[in-house]
Amino acid sequence: MLLSIDWILFLEKLILIAIVIFASLGIALYTTFAERKVAAVLQDRPGPNRAGPFGLFQPFADGLKLIMKEEIIPNTSNKVLFILGPFLAMTAALMTSAVIPWSSDVHLFGRVIPLQIADVNIGILYIFAVVSLGVYGIMIGGWASNNKFSLMAALRGASQAISYELAMGLSLIALLMTTGTLQLGEIVKQQMQPGHWWNIVYQPLGFLIFIICAFAECNRTPFDLPEAENELNFGYHQEYSSMKLGFYSFSEYVNMFISSVVMATLYFGGYDVPFLNESLLSPNVAAIVGVIALLIKVVIFIFIFMWVRWTIPRFRYDQLMNLGWKSLVPLALANMLITGALILWLGK
Amino acid sequence: MQALTNRAQPVNRKPMTFLERLYLINIFKGMLITFSHIFKKQPTIQYPEQKRPFSPVFRGLHVLNRDEEGRERCTACGLCAVACPAEAITMEAAERLPGEENLYREEKYAARYEINMLRCIFCGLCEEACPKDAIYLSETFAPANFNRNTFIYGKEDLLIPNPVTEPEAYAKAKGLN
């Protein structure tokens, strides 16, 4: 039984997982820096520029500061859950990266290595399942802190995530009607075909709903109600200190990175380079070009995330719920109906 | 109630339309405003490397002046201490001995002259009260320190360098180069 396992495949996937996780963490590390720089530039100031050239070592200084801080676990908290909270948030954030196609296949040592950890045929459902797990990190952390503010924030976070997942799912159903598959690798390959545009052309309204819901799922401004510094004293991670707090804020950035990747994959052609026929290049070059193209798209999305954050004030809680249930859900339903009608009418 | 200005506007309480409730158009307008700020000039001054020039009437740390032969001008008359609203200045007078004519300009001089920079409000009244042009407010301010008693500046901190024996330091203190 053991001998029948393809050990090289096992090793190959293990290396890929390690690369993806470290790359996600590294990108999240520098996203914290980019966030401060973008905030600064939008507010006419230079931002962090003292640590290293152009302040590039700032994230390491921040990380060192967090690690050196005193670790406080409140006496009245539920200690097991208190420690579990940030780890759940981080794990859920990183798990999503498993089904994302990072680029086309690489040919190495006579083997064809797909740059995707698992091309499961229910890729989108998997992403949804894991993203919904992310709310447990907030819920458990907020509840285990045994603090009224944290509990309020956890409740808000949970109800917000559930409301916005609905609209997000409905907007995705319309996308699935046009693609006809849940497999992420297949969705990208469809968009790469000559004569086929990126899905944003077919689903502009669906994308708009999806990006709004992605902001809410990542707890980013204007939907950062679980954190709400000025009403809830920093929200669900109020009692956290040291690296546990670091894990929470870090998982937010990992989430932002992953949802940017998902948006690029679903609506903007994934690793596709526009107006370039990748099959003319040698497979390894095409793979490298693909990774770079995907990362450029992701950087643009992350910039949009930050740009929105430093422009719009936070929504009030009733506005948030009204927007979710009374505007986005009907819009997503209408989008779904229109897409279905068009598919029937055009006979595609 | 009488309006104070004619600029008052009644609050618009019309319910929002569907497009307004989506917030998208106004959010987009706001994002264009913040984007335009990327290209604006930053007013930041990188402090230790760059310094903002003070105006010529800036009132900073005090300087006890010397005349062109390098003699102290202060005669310890005490007018500055009287003028000081914060009572930051104390001094002790002494009589000039024969042979000290190259040190002190007049027969009487300040043996001890102290200003408490934590009390001082940098109003410049001492400068105005001085009949001998002996005290001036310079264009530097007191540096930060960990210890309170380091803010009591004595004569050695306040006196300007001697223009005859140390012309370079004197020129630097005067801000001539």
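The paragraphs below go through a predicted model, beginning with chain A and ending with chain B and the contact between the two chains.

Chain A contains twelve helices and two strands.

Along the principal axes, its C-alpha atoms fill a box of roughly 60 × 55 × 50 Å. Of the 348 residues in chain A, 42% are buried. The contacts of chain A also reach across the sequence: taking those between residues at least 6 apart, 80% join residues at least 24 apart.

The average for chain A is 85, and 98% of the residues score at least 70. Among the elements of chain A, helix H2 (residues 58-68) has the highest mean pLDDT, 89, while helix H9 (residues 229-232) has the lowest, 70. Where pLDDT is low, predicted coordinates should not be read in detail.

The next topic is the nonpolar interior. In soluble globular proteins, nonpolar side chains tend to be buried together. In this model the largest nonpolar core has 85 residues. Those that touch the most other members are A:Ala89, A:Ala167, A:Ile209, A:Cys213, A:Val254, A:Phe257 and A:Leu328. Helix H10 (residues 242-267) of chain A provides the largest share of this core, with 13 residues. Another core, of 18 residues, lies apart from it and includes B:Cys74, B:Ala76, B:Tyr104 and B:Cys130.

What does A:Ala89 contact, once its neighbours within four places in sequence are left aside? The partners of A:Ala89 are A:Gly134, A:Gly137, A:Ile138, A:Phe247, A:Tyr248 and A:Ser251.

Chain B has an open sheet of three strands, in the order E2-E3-E5, with antiparallel pairing. Strand E2 (89-95) and strand E5 (152-153) of chain B stand at the edges; each has a single partner strand, so one side of each is left without a neighbour in the sheet. E2(B) and strand E3 (residues 108-116) of chain B run antiparallel and are joined by seven bridges. Along this pairing, B:Glu92 is opposite B:Arg112 in E3(B), and B:Thr90 has B:Glu114 as its bridge partner in E3(B). E3(B) and E5(B), also antiparallel, are joined by two bridges. Here B:Asn116 stands opposite B:Ile152 in E5(B).

Last comes the place where the chains meet. Twelve residues from chain A and twelve residues from chain B take part in the contact. On the side of chain B that touches chain A, helix H1 (18-22) and helix H2 (24-36) of chain B each supply at least two residues. The largest share of that side, four residues, is from H2(B). Sorted by class, the side of chain B that touches chain A has five nonpolar, five polar and two charged residues.

How values were computed
Residues numbered from 1 in each chain as written. Chains lettered and ligands numbered in written order. Contact = placed C-beta atoms within 7 Å. Nonpolar A, V, L, I, M, F, W, Y, C, P; charged D, E, K, R; others polar. Buried ≥ 20, exposed ≤ 12 C-beta atoms within 10 Å, placed from the backbone. Core = buried A, V, L, I, M, F, W, Y, C linked by C-beta atoms within 7 Å. pLDDT = per-residue confidence, 0-100. Pairing = 2+ DSSP bridges.
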